[in-house]
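Let's walk through a protein model together, one piece at a time. Keep the sequence and the 3D view side by side as you read.

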Amino acid sequence: MTDDLHFYEPGHGHGLPHDPFNAIVGPRPIGWIASRSSAGVLNLAPYSFFNAFNYTPPLVGFSSIGRKDTLRNIEQTGEFVWNLATRPLAEAMNASCVAAPPEVDEFALAGLTPAASRVVSVPRVAQSPVSFECRSTQIIELQGLDGNGVGSWLVLGEVVGVHIARHLLKDGVYDTAAAAPILRAGGPADYFEITADRLFKMRRPAWP
Ligand SMILES: Cc1cc2nc3c(=O)[nH]c(=O)nc-3n(C[C@H](O)[C@H](O)[C@H](O)COP(=O)(O)O)c2cc1C
């Protein structure tokens with residue numbers, strides 16, 4: 001232990017006013033996930049334990065901390081739609097995270113419009129400029145070092161349909177910053193917005 005490093009073993013507590021884990025692993029892209037129950041109720045919720053994991057086929061995944069409606073719906077139907085959360089949609093995204101009972105449709109709650117998907121039966125968020133239609137490939141309960149399940153589930157899915165608002169394609173190239181995506185940082189309320197002025201470029205080095 002040195003004076004200029006705070007060290008802790010998470011199993012024994014962090015010793016800080018707030019757990020820094022989420023603030024360190026951040027900002028994280030948001031999986032704004034639409035799903036539908038087998039009874040037909042639409043669902044929409046944000047998941048920031050989210051990322052992409054493969055190019056071909058394109059695979060995305062998110063982690064449900066506990067058994068939530070989104071997880072149950074995907075277990076039942078095998079389908080979901082990821083929607084890009086942008087700065088203009090931030091407040092609607094936040095509204096969709098409310099812990100509503102399964103019979104509540106968060107599209108309606110957040111004032112969003114479901115638009116029919118092309119490949120799957122779950123609709124996308126019409127207001128979002130980018131959506132991925134997905135079919136679930138694996139649902140894995142996460143384990144700790146002791147091999148016991150931790151009560152969180154990693155939901156992985158293959159992207160089977162991609163919708164991109166044409167204005168985000170500049171000469172055919174997707175313009176990340178033009179969509180003004182938002183990312184989740186730490187604490188109860190921190191987010192970052194991606195803006196073009198923060199862009200820098202760096203190519204991979206060749207060997208030798
Ligand atoms: C920005 C943001 C990110 C979130 N990330 C997660 C996450 O990664 N995993 C999780 O279980 N809940 C996460 N939540 C909380 C869920 O959105 C919340 O529990 C929601 O009610 C779940 O909805 P559902 O039961 O309809 O699936 C997040 C909330 C917000 C606002």
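Before we start, one definition: two residues are in contact if their C-beta atoms, placed from the backbone, lie within 7 Å. Helices (H or I, at least four residues) and strands (E, at least two) are DSSP runs, numbered from the N terminus. Axes are lines fitted to C-alpha atoms, for helices over the stretch in contact, and angles run from 0 to 180 degrees between N-to-C directions.

This is a predicted model, where local features need pLDDT of at least 70 and side-chain atom pairs count only at pLDDT 80 or more, while totals for chains, interfaces and linings use all residues. Residues are numbered from 1 along each chain as its sequence is written.

Let's begin with the sheet. Strands of a sheet pair through backbone hydrogen bonds, either parallel or antiparallel. Here, seven strands form an open sheet in the order 3-2-6-9-10-5-4, with antiparallel pairing; two strands count as paired if DSSP finds at least two bridges between them. Strand 3 and strand 4 (50–54) are the edge strands, each pairing on one side only. On average, neighbouring strands of this sheet are turned by 35 degrees against each other, direction ignored.

Now find strand 6 (79–83). How many bridges link strand 6 to strand 9? Five bridges do, in the antiparallel sense, and Phe 80 stands opposite Cys 134 in strand 9. Strand 6 also pairs with strand 2, again antiparallel, over three bridges; there, Val 81 is the bridge partner of Ala 34. Further along, twelve bridges join the antiparallel strands 9 and 10, and Gln 143 stands opposite Gly 149 in strand 10.

Is strand 6 enclosed or open? Five of its five residues are buried, so strand 6 is largely enclosed by the rest of the structure. A residue is buried if 20 or more other C-beta atoms lie within 10 Å of its own, exposed if 12 or fewer, and partly exposed in between, with C-beta atoms placed from the backbone. Glu 79, Val 81 and Asn 83 point one way from strand 6, whereas Phe 80 and Trp 82 point the other way.

Next comes helix 2 (residues 69–77), whose buried residues are Asp 69, Thr 70, Leu 71, Asn 73 and Ile 74. Helix 2 lies across strands 2, 3, 5, 6, 9 and 10, running at about 50 degrees to strand 2. Just after helix 2, Gly 78 takes a positive phi of about 75 degrees.

The ligand is surrounded by 18 residues, the closest being Ala 45, Phe 49, Lys 68, Asp 69 and Thr 70; a residue is near a molecule if its C-beta atom, placed from the backbone, lies within 6 Å of it. Strand 3, strand 5 and helix 2 are the elements that give two or more residues to this shell.

Finally, look at some backbone details. Most residues other than glycine have a negative phi, and most peptide bonds are trans. The peptide bond from Thr 56 to Pro 57 is cis, with omega near 0 degrees, and Pro 57 lies in the loop between strand 4 and strand 5. Asp 171 is not a glycine, yet has a positive phi of about 55 degrees. Asp 171 counts as exposed because it has 5 C-beta neighbours inside 10 Å.
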